[in-house]
Amino acid sequence: MELAELVARRPFPAAGLLLGLTRRCPLSCAHCSTGSDLFTREEPDAGHLERFVGSFTTENRPDVVMLTGGEPLLRPALAERLSTLARGAGSRTALLSGMFFARSGGGRSGGARGGRSGGVRGGRGGRRGAIPPAVLRAIRSVDHFSASLDVHHEREVSRADVFRALHLVREEGVAVSLHLTGTGGSDPYLADLTRAVEKEFGGRVPCLVNEVRPFGRAASWARAARTGPDPEAASPCAMAAWPVVAFDGRVLACCNQDAVDRRPAPAHLDLGHIAEDDWATVRRRALESPVLRMLRTVGPAHLAARFGSGPRPGSYCDGCRALGGDAAVAAGAQAVAGGAAGELLDLTAAMRGSREGAQGVVRRHGCAAYAPLVVAGGPALPEAGERDIR
């Protein structure tokens, strides 16, 4: 499964499932949205995760299961079991790693600049940089493997070590990609990094490029992504499409980190718990909720402006969370998006969101200047001065 296939499914409700295997991570990246470290024990019960994924059937299962964290490869045997269960029902699986297992020398890389040396192809054959057996088995079990890389990761794991490990994974026959993060289209670091990826892999490794968001450790220093939408204008939320299993086992309808972490969860975003509910139940709640259908179709600001009875919080996501206790919003959503008409609205919004494929999804939700890189072997990027800088 290539990265573009995975990203293109993002607008479709319940087409994917995000599984947070653990909040633990041995890295200490300054922008970590989950605020992960090696000492927290917050993670879902393994038995509950296996039971939940085991409830998939060939007729009712997500198309894509994304194993995330924290660092999911701190639980490699569990990642392998979950991937095997999911693939047995016909789901394809992907895993996103911070690449802690790839770093050489047993410690940090000594700074981002340490990874900016030339190619690493010549060092792949020896023991240096070999992938630990349990981790390699987990990687072999998935359909797609993604590595995180950015200026903060490079202070923990060098660029050369990440590239070396990706060559090894590709040699195992697993499709790979890079998840890159920077400050925007004009970020010189992103320009340098994407050139290095192109030089190293010749366009055969696609990249999903995002901008740092003010969540987790970045909450105090990262800028807000964009100005909020006009409340009267429809601004659909594609992030309310794929259910997310949080670190306490609760299933949320949204992947926004505040929505995932805060308790109690807003009623309209709470899809259940893996200790009690199966996939069919979670999927039905995600697909049939009139409020979620409206969020995916017109977005929270428009929904609140049309039906809301309370004050409107400033941000897009704060406004969404505030909808949970508004009976007027629930009644209005039911009138518009209940039944077959709401199902058609939902499908129409998903089709519109997918019209431009994976590149269109990245242009709307990632770093637009680098959207072409989501497709392996895609068109060359324009020069820095010609990019769509936002």
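Colleague: Phe52 and Trp279, are they buried or exposed?
Modeller: Phe52 is buried, and Trp279 is buried too. Keep in mind that this is a predicted model.
Colleague: Okay. How many aromatic pairs does the structure hold?
Modeller: Five aromatic pairs. One of them is Phe52 with Phe56: the ring centres are 6.4 Å apart and the planes sit at 75 degrees, so that pair is edge-to-face.
Colleague: And what about Phe56, buried or exposed?
Modeller: Buried, and Phe52 is as well. Phe52 also makes an edge-to-face pair with Trp279, at 6.4 Å centre to centre with 75 degrees between the planes.
Colleague: Where do Phe52 and Trp279 sit in the chain?
Modeller: Phe52 is in helix α2 (residues 46-54) and Trp279 is in helix α8 (residues 279-288). They are 227 residues apart, so the pair links distant parts of the chain. Put together, ring pairs join Phe52, Phe56 and Trp279 into a cluster.
Colleague: Switching topic: how do α9 and α10 cross?
Modeller: Helix α9 (residues 290-297) and helix α10 (residues 300-307) have axes that come within 7 Å and cross at roughly 120 degrees. The two are therefore oblique to each other.
Colleague: Which residues meet there?
Modeller: From α9, Val291, Met294 and Leu295; from α10, Pro300, Leu303, Arg306 and Phe307. By class, that contact has six nonpolar residues, one charged and no polar ones.
Colleague: Last one: what lies over the face of Phe12?
Modeller: That's Arg9, at 4.6 Å from the ring centre.

Key
Residues are numbered from 1 along each chain as its sequence is written. This is a predicted model: local features need pLDDT of at least 70, side-chain atom pairs count only at pLDDT 80 or more; totals for chains, interfaces and linings use all residues. Side-chain values use heavy atoms; hydrogens and water are left out. Axes are lines fitted to C-alpha atoms, for helices over the stretch in contact, and angles run from 0 to 180 degrees between N-to-C directions. Helices (H or I, at least four residues) and strands (E, at least two) are DSSP runs, numbered from the N terminus. Angles under 35 degrees count as roughly parallel, over 145 as roughly antiparallel, 65 to 115 as roughly perpendicular and the rest as oblique. Contact means heavy atoms within 4.5 Å. Ala, Val, Leu, Ile, Met, Phe, Trp, Tyr, Cys and Pro count as nonpolar, Asp, Glu, Lys and Arg as charged, and the others, Gly among them, as polar. Rings of Phe, Tyr and Trp (its six-membered ring) pair if their centres lie within 6.5 Å; planes under 30 degrees apart count as stacked, over 60 as edge-to-face and the rest as tilted. Buried means under 20% relative accessible area, exposed over 50%, partly exposed in between (1.4 Å probe, protein chains only). A charge sits over a ring if NZ of Lys or CZ of Arg is within 6 Å of the ring centre and within 35 degrees of the ring normal.
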